[in-house]
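Q: I'd like to learn how to read a helix in a protein model. Could you take me through it step by step?

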Amino acid sequence: SYVSRVLAFVDDAGWLERRQHGRLAGVDWQPLLRLWARDAPLGARGELCHFHCPRTVADFLARLARSGFLHALTGDAAHGMLVGDPAVKTATLYVDDLPAAVAQFGLHPARSGAEVVLIRGADRGVFHRSREREGLRYVSPSLMAADLAEPKAFAAALHWMAAHAAQWRT
């Protein structure tokens, strides 16, 4: 019944494309993604913890890539990978085991200016449709976009997603 209610909401909003006899053909994903990002910001997807890394963010990411530790980068780090801008000031990532990540990477709690944000997701759904590249795992583009806090980055992510829909839509 939940799926029926969601479809009814999306249909009422005019975001569904239908074929003959009412069969679903597609969805206008951009307004749906905007609504999701607004109504369920990053902090609503799990427990967020902010940390300083002992060296640089680039060093942290290199160690993470070699570690085999279950993770999924999101937000600016994932967006940078998509658009080819590897300069990352903050690494935001979902992890299954927050205490193990802190211990393994020698992270220190941060009150401000955190370089690493760890999120213990409410469930393992964040790892579905994630992709690995050079040892780093990234969330799906739709989740990455929803996790971006900066409006300009969100708009740039939507632009990239529209231009590369065949690469990420299933």
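Q: Let's start with α7: which of its residues are exposed?
A: P151, K152, H159 and A163 are exposed on one side of α7. Exposed means over 50% relative accessible area, buried means under 20%, and partly exposed lies in between (1.4 Å probe, protein chains only). Helices (H or I, at least four residues) and strands (E, at least two) are DSSP runs, numbered from the N terminus. Please keep in mind that this is a predicted model, in which local features need pLDDT of at least 70 and side-chain atom pairs count only at pLDDT 80 or more, while totals for chains, interfaces and linings use all residues. Residues are numbered from 1 along each chain as its sequence is written, and side-chain values use heavy atoms, leaving out hydrogens and water.

Q: And which residues of α7 are buried?
A: An α-helix has 3.6 residues a turn, so residues three or four places apart point the same way. In α7 the buried ones are A153, F154, A157, L158, W160 and M161. They sit on the same side of α7 because they cover an arc of only 165 degrees around the axis, taken from the directions from the helix axis to the C-beta atoms.

Q: What covers the buried residues of α7?
A: The cover includes α2 (29-39), α4 (75-83), α6 (141-147) and α8 (165-168). Contact here means heavy atoms within 4.5 Å.

Q: How far apart are the end C-alpha atoms of α7?
A: The expected span of a helix is 1.5 Å times one less than its number of residues. For the 13 residues of α7 (residues 151-163) that gives 18 Å, and the end C-alpha atoms are 18 Å apart, so the two agree.

Q: How do I describe two packed helices?
A: Two packed helices are described by the angle between their axes and the distance between the axes. The axes are lines fitted to C-alpha atoms, for helices over the stretch in contact, and angles run from 0 to 180 degrees between N-to-C directions. For α4 and α7, the angle is about 40 degrees and the axes are 11 Å apart. The residues in contact are D76, H79, L82 and V83 of α4 with A153, A156, A157 and W160 of α7. This pair is therefore oblique: angles under 35 degrees count as roughly parallel, over 145 as roughly antiparallel, 65 to 115 as roughly perpendicular and the rest as oblique.

Q: At what angle do α2 and α7 pack?
A: At about 150 degrees, with their axes 11 Å apart. That makes α2 roughly antiparallel to α7. Here W29, Q30, L33, R34 and A37 in α2 meet F154, L158, M161 and A162 in α7.

Q: Is the crossing of α4 and α7 left-handed or right-handed?
A: That crossing is left-handed, while α2 passes α7 in a right-handed one. Left-handed means that the near helix is turned anticlockwise from the far one by less than a right angle, and right-handed means clockwise.

Q: Which residues does A145 touch?
A: A145, found in helix α6, touches L33, F154, A157 and M161, not counting residues up to four places away in sequence. Its relative accessibility is 0%, so A145 counts as buried.

Q: Is S142 buried or exposed?
A: S142, found in helix α6 too, counts as buried because its relative accessibility is 16%. With residues up to four places away in sequence left out, S142 touches L33, W36, R129, M161 and W168.

Q: How many helices and strands does the protein chain have?
A: It has eight helices and nine strands, and buried residues make up 40% of its 170 residues.
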